[in-house]
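Student: May we go through the ligand site of this model?

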Amino acid sequence: MLAMALTKGRLEKQSVKLLEQSGYGIEALKNKGRALVFPDSKKDISYFLVKANDCVTYVEHGVADIGVVGKDTLLESNAQFYEVMDLGIGKCRFILASLPEKNVLKKQGHIKIGTKYPAVTKRYFKQKGLDVEIIKIDGSVELAPILGLCDAVVDIMETGTTLKENGLVVFDTVCEISARIIVNKASFRLKRNEIQALLNDLKQALKEVEL
Ligand code: PRP
């Protein structure tokens, strides 16, 4: 029996679709109502849907053997797990953005960056040799430079619509992001064969989609 944590929201639809393409019995996940745990109708797998950070927590503690979660969440996490596969779905990127006249990479003096991702932001500016003040924000990050809370933001861009509609421009790409498979460290040894079979099925389905 495998327990698999799936990330709710943005990644959910694509993850479920990939499992379906892999021949898995995900009817319960598709017609989910208010249930939280979904048994596979063909395989010995139980799925549950959680927020991205919780997906990592469940995998770290072994309640889930496997998780599907965005690289953005993994880059902010200190949790212990094995990252075993890049699914290549849920593609987006971390960007540095602000109002067109506010290119912080050329600014002298104190720089304030608003972000939901302080660890990613800290590493990025350290690499650039810039010392910045990081202001942690929990959502609607684009608002912060407009209202003057910070000089620029480091955030996720998928389509670019949110930036555009708020008059912000991209000054740099911090890194690319996509969905990853993570595995609990003990499960990786104890359930090696089941996990490997699942990874092979997903790989095969991804290959067929590419063709
Ligand atoms: C993310 C991100 C941007 C938006 C980018 O927010 O923080 O606001 O998506 O997407 P786009 O390039 O396709 O416009 P999310 O929707 O996760 O919610 P949030 O406002 O709570 O951060």
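Tutor: A backbone N or O atom of Ser140 lies 3.1 Å from an oxygen atom of the ligand, a polar contact being a pair of N or O atoms within 3.5 Å. This is a predicted model, in which local features need pLDDT of at least 70, side-chain atom pairs count only at pLDDT 80 or more, and totals for chains, interfaces and linings use all residues. Residues are numbered from 1 along each chain as its sequence is written, and side-chain values use heavy atoms, with hydrogens and water left out.

Student: How far is the polar side-chain atom of Lys116 from an oxygen atom of the ligand?

Tutor: That distance is 2.3 Å. For Thr159, a side-chain N or O atom is 2.5 Å from a ligand oxygen.

Student: And how much of the ligand's accessible area does the protein cover?

Tutor: The protein covers 72% of the 500 Å² that the ligand has on its own, by the Shrake-Rupley method with a 1.4 Å probe.

Student: How many residues surround the ligand?

Tutor: There are 13, and the closest are Arg10, Lys116, Asp155, Thr159 and Thr162; a residue counts if one of its heavy atoms lies within 4 Å.

Student: Which element gives the largest share of that shell?

Tutor: Strand β9 does, with three residues. Strands here are DSSP runs of E with at least two residues, and helices are runs of H or I with at least four, numbered from the N terminus. Both β9 (152-157) and α7 (161-165) supply at least two shell residues.

How values were computed: A polar contact is a pair of N or O atoms within 3.5 Å; within protein, one must be able to donate a hydrogen and the other to accept it, and residues adjacent in sequence count only if both atoms are side-chain atoms.
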